[in-house]
Amino acid sequence: MCTSRRVRTLWLGIVICAAVSFAGCGRKETAPLSEGEENSTAAPGAKHAEASLDQQTEQKLDPLTLGDVELYLKVMRAAAERVKNPTASDKSALEGARKILAGSALGRVPTQDDVKTLERANLVALSMDQIVVEEMKIDGRTYRGIAEAIESVVQNPSLTVASGGRVPAPGHTPTPLEKRLSGVNAANDKFLAPYREEVKKLIAAVRNPANLPK
């Protein structure tokens with residue numbers, strides 16, 4: 001039973017990281033990285049204070065452009081379609097995760113391969129756009145910056161977590177980065193008005209917790 005709880009806790013942790021990443025919570029843990037990018041990007045979960053700009057956020061710090069939005073929609077449309085019609089590899093990852101969770105309930109000790117399978121299943125279920133980006137040979141960091149910016153102002157209807165960022169503590173003085181992000185988010189909110197409904201539908205399809213294996 002302890003093993004079962006550990007595996008399920010690990011799985012829950014993976015899920016929460018992915019969900020929070022694009023929910024605008026606390027500027028911010030990054031989305032899971034594809035294997036090819038792990039060594040070339042800033043470490044996720046960097047401390048909010050006293051960190052470099054790169055470590056604090058991957059969000060694009062300038063207002064979105066039409067090209068940014070077109071790239072995001074291209075990737076997310078492909079991701080949403082693939083969620084509906086997963087490949088054999090996608091199905092294998094989800095089925096593998098189901099077996100791992102079922103085995104954990106019987107006391108099976110998870111392996112390193114099990115952890116990798118859970119991580120891959122998490123990408124398939126909640127971050128299919130990252131898989132699409134890798135396969136399209138799009139720069140992952142550039143895309144994530146755009147996705148962070150868009151999904152900081154467009155709420156994921158599949159989640160109950162508010163997407164407006166954390167509530168500042170009483171008496172908190174915004175940092176220069178927070179002020180910049182606030183201004184950028186306000187500009188992006190207006191710019192995204194014509195695309196908002198489609199973006200919400202795409203986010204709901206690609207980042208829906210109901211996609212997760214049980």
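How many helices and strands does the chain have?

1. **The overall picture.** The chain has nine helices and zero strands; helices (H or I, at least four residues) and strands (E, at least two) are DSSP runs, numbered from the N terminus. This is a predicted model, in which local features need pLDDT of at least 70 and side-chain atom pairs count only at pLDDT 80 or more, while totals for chains, interfaces and linings use all residues. Residues are numbered from 1 along each chain as its sequence is written, and side-chain values use heavy atoms, with hydrogens and water left out.

2. Of the 214 residues in the chain, 43% are buried. Here buried means under 20% relative accessible area, exposed means over 50%, and partly exposed lies in between (1.4 Å probe, protein chains only). Among contacts with a separation of 6 or more, 82% come from residues 24 or more positions apart; a contact means heavy atoms within 4.5 Å.

3. **The core.** The largest nonpolar core has 36 residues, and Y72, Y143 and I150 have the most contacts inside it. Such a core is a set of buried Ala, Val, Leu, Ile, Met, Phe, Trp, Tyr and Cys residues joined through side-chain atoms within 4.5 Å. Two or more residues come from each of α3 (66-84), α4 (88-105), α5 (112-126), α6 (128-135), α7 (140-151) and α9 (196-206). The most comes from α3, with seven residues.

4. **Y72 and the α3/α7 pair.** Leaving aside neighbours within four places in sequence, Y72 is in contact with Y143, I146, A147, I150, E151, V199 and I203. The helices α3 and α7 pack at an angle of about 95°, with their axes 10 Å apart. Axes are lines fitted to C-alpha atoms, for helices over the stretch in contact, and angles run from 0 to 180 degrees between N-to-C directions. The two are therefore roughly perpendicular to each other, on a scale where under 35 degrees is roughly parallel, over 145 roughly antiparallel, 65 to 115 roughly perpendicular and the rest oblique. D68, L71, Y72, V75 and M76 of α3 meet Y143, I146, A147, I150 and E151 of α7.

5. **The α4/α5 pair.** Here the packing angle is about 125°, and the axes of α4 and α5 are 8 Å apart. That makes α4 oblique to α5. Residues making the contact include S89, D90 and A93 of α4, and D114, T117 and L118 of α5.

6. **An enclosed helix.** Why is α6 described as largely enclosed by the rest of the structure? Six of its eight residues are buried, namely M128, D129, Q130, I131, V132 and V133. What covers these buried residues of α6 includes α3, α4, α5, α7 and α9.

7. **K137, worth a look.** In the loop between α6 and α7 you will find K137. Its phi is near 60°, a positive value in a residue other than glycine. Most residues other than glycine have a negative phi. K137 is exposed, with a relative accessible area of 75%.

8. **E178 in α8.** Is E178 buried or exposed? At 18% relative accessibility, E178 counts as buried. E178 is found in helix α8 (residues 176-191), and its side chain reaches the backbone nitrogen of T175 at 2.8 Å.

Key. A polar contact is a pair of N or O atoms within 3.5 Å; within protein, one must be able to donate a hydrogen and the other to accept it, and residues adjacent in sequence count only if both atoms are side-chain atoms.
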